[in-house]
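Me: I would like to go through this structure with you and ask what stands behind each label. Could you set the values against the definitions as we go?

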Amino acid sequence: MRYTQFFIPTLKETPSDAEVVSHQLMMRSGMIRKIAAGIYTYMPLGLRSIRKFEQIVREEMNRAGAIELLMPGVQPAELWIESKRWAQYGKELLRFKDRKDNEFCMGPTHEEIITDIARREVKSYRQMPINFYQIQTKFRDEIRPRFGLMRGREFIMKDAYSFDVDSSAADLSYDKMYQAYNRIFERCGLNFRAVEADTGSIGGSASHEFMVLASSGEDAIVSCNACRYAANVEKAEGIKQQQGGAGQQALTKTHTPDKKTIAEVAEFLDIPQSGTVKALVLSNGEGQFVMALVRGDHELNELKLKNRLGWDEIQMATDDEILRFTGSLPGFLGPLGLKEELLVVADCAVEVMSDFVIGANETDQHYTGANAGRDFPISQIADIRLIGAGDPCPRCSGGILEVWRGIEVGHVFKLGTKYSSSMNATYLDKDGKEQIIFMGCYGIGIGRTVAASIEQNHDDNGVIWPLPLAPFHCSVVAINAQKDEAVMAAAQDIHDRLEAAGVEVLLDDRDERPGVKFKDHDLIGIPLRIVVGGKNLAEGKVEFKQRAGGEMQLLVPEQAIETVIAQVKAACGGNR
RNA sequence: CGGUGCGUAGCGCAGCCUGGUAGCGCACUAGACUGGGGGUCUAGGGGUCGAAGGUUCGAAUCCUUUCGCACCGACCA
């Protein structure tokens, strides 16, 4: 491909609304252009990388036995009403009516459609296991789209859905997808982790997220330094600590003037923060309230508490609500002497504490020597705290958890019968008996993965593509291309020979100064570069350099061509 | 949804406080020079100043409304 026959509108300056580096570089390198909040055009260069990744996904899905189809973007309300998600999904679901006043939505995901297909078409155990997938544009009307392709409203997703006769067969389908996902992200050359995850609004029994490690990631994940345990912190389990001694001290009300935070109270009383318990009042927004107790140096994991209580929403109570239950304002809250009956859930780390400090529900007053059970009742004990760096591994003995930031690029779920039962997707087993189908669903954010690759691989000059995702494998920069016929002829020859070998080449034949060309090629991040210049060419040599670093080499054209071909073959394998 | 900030040329911004001919850099067009890390010079084109309403002799500037965009948001009890 000649540069002058392609279209790469690069920018010298960073658009002011681009916050993260992938968004900035995708804008600057002319890969994407924004048309509205969270809605982008994939420009020619960006589309090439998108297609590269799609192809890797497609190959690995096919290898894993999944079958491609394509479902509609516009979906009728009736299927969503049937699955009960028309009411549950909220404003993220973009709804509208057609000319006959029938309700529709833009598909944010396709469980309803695929389940409808399955219940019509998959009627026998002989047809399973089966797994359908598609690569398709979704729309989710996000409250706050941001970070370019990282969290758009319209985005390309690969979604797959497996159908099995029972739970253990569904587990096998799940494992196949899990393996396929590992291969996909390995082939892209990305540094990632597969972590245990919360199932969120999709529902189901188990799931893993695939996280590309990057400091700008929106998710925190933990992984064990000794075993293979890794989890989203939302999900990461706390383990019961060793039982402490029985309480020795008497419950004593202590004056703590103006000491509201755990840090202030602990310092004032000269005890470690781990000797205190903090009490938080939360509500589900529908009139139900709970007091959560966590150790002073720990943090509450609202998601765990929400799941524990079976609530749909969870939020901090307002000061008025807190006053109503406790008679005090935040800073001095505790489970003793509540004004109204209140569910009290303690973290399991609190269960083993003794003689701790807790708010007295009076301004400037705390209790010391408090003991759960002895001094106040606890309704439930549960794992409700946020796990962090340094916590012990819940799977192995001696392992310590480390914390990473990650970008969620893939998510696999065991759905069980959540959709198949509400939508009545059944089959006949060997005995002719009607059974419910077991499902799994599996998603990969296509644009997000490409953006995540940039987050993970870039420098001050621009993008550094891994070869499998690069829009072009190699650039050929012709110095003084429009004037020096020998240079242009040599560059064209190298270009032709590389293309003949299956290498994707961008030949820079523009009438630009060399510096402009080098800057552009660094910015758009082509992994391999051959420079053809008059002086070196007179001695029969061209330059070869890798974007990711490494020395510039002076080679004869044949060598340069062979090196490029070898590197492309090595990185993209026979899968190209 | 709450908080904050911003909408002026394709991009990045100044001008607004204190109302009086709409500017700068990049990009773009033409020409010349230049030719190995975003070069120089000359001459150009491009704007309903987000929108609507109001105040005023006069509004990018002041007022009101509205739309759009961006960032931040519970770990504090």
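Reply: Gladly! Of the 576 residues of chain A, 53% count as buried. Before your questions, a word on the source: this is a predicted model, in which local features need pLDDT of at least 70 and side-chain atom pairs count only at pLDDT 80 or more, while totals for chains, interfaces and linings use all residues. Residues are numbered from 1 along each chain as its sequence is written, chains are lettered from A and ligands numbered from 1 in the order in which they are written, and side-chain values use heavy atoms, with hydrogens and water left out.

Me: Why is arginine 324 called partly exposed?

Reply: Buried means under 20% relative accessible area and exposed over 50%, with partly exposed in between (1.4 Å probe, protein chains only). Arginine 324 has 41% relative accessibility, so it counts as partly exposed. This residue is found in helix H9 (residues 319-326); helices are DSSP runs of H or I with at least four residues, strands are E runs of at least two, and both are numbered from the N terminus.

Me: What does arginine 324 touch, not counting residues up to four places away in sequence?

Reply: Phe289, Lys339 and Glu340, where contact means heavy atoms within 4.5 Å. The C-alpha atoms of arginine 324 and lysine 339 are 6.9 Å apart, although 15 residues separate the two in sequence.

Me: What makes the pair of arginine 324 and glutamate 340 a polar contact?

Reply: A polar contact is a pair of N or O atoms within 3.5 Å; within protein, one must be able to donate a hydrogen and the other to accept it, and residues adjacent in sequence count only if both atoms are side-chain atoms. The side chains of arginine 324 and glutamate 340 are joined by such a contact at 3.3 Å.

Me: What makes helix H5 mostly covered?

Reply: Eight of the eleven residues of H5 (residues 111-121) are buried. Among them are Ile113, Ile114 and Ala118, as well as Glu111, Asp116 and Arg119.

Me: How do you know which residues surround RNA strand B?

Reply: A residue is near a strand if one of its heavy atoms lies within 4 Å of it. In this model 48 residues surround RNA strand B, and the closest are Arg144, Met316, Lys483, Asp522 and Glu543. Sugar and phosphate account for 42% of the RNA atoms that come within 4 Å of the protein. Ala, Val, Leu, Ile, Met, Phe, Trp, Tyr, Cys and Pro count as nonpolar, Asp, Glu, Lys and Arg as charged, and the others, Gly among them, as polar; on that basis the surface near the RNA has 20 nonpolar, eight polar and 20 charged residues. Helix H14 gives the most to this surface, with eight residues.

Me: Which side chains have a polar atom by a base nitrogen of RNA strand B?

Reply: One is aspartate 522, with a polar side-chain atom 2.3 Å from a base nitrogen. For glutamate 13 the distance is 2.8 Å, and for aspartate 520 it is 3.0 Å.

Me: Why do strands E28 and E31 count as edges of their sheet?

Reply: The open sheet has five strands in the order E28-E27-E29-E30-E31, with mixed pairing. Strand E28 (505-508) and strand E31 (549-555) each have a single partner strand, so one side of each is left without a neighbour in the sheet. Neighbouring strands are turned by 15 degrees against each other on average, direction ignored.

Me: How do you know that E27 and E29 are paired?

Reply: Two strands pair if DSSP finds at least two bridges between them. Five bridges join strand E27 (residues 474-478) to E29, and the two run parallel. In one of these, serine 475 has arginine 529 of E29 as its bridge partner. H14 packs on this sheet, touching E27, E28 and E29, and its direction makes about 175 degrees with that of E27. Axes here are lines fitted to C-alpha atoms, for helices over the stretch in contact, and angles run from 0 to 180 degrees between N-to-C directions.

Me: What joins E1 to E2?

Reply: Four bridges join strand E1 (residues 32-36) to strand E2 (residues 39-42), and the strands run antiparallel. They form a hairpin with two residues between them, and glycine 38 in the turn has a positive phi of about 75 degrees. Arginine 33 stands opposite threonine 41 in E2.
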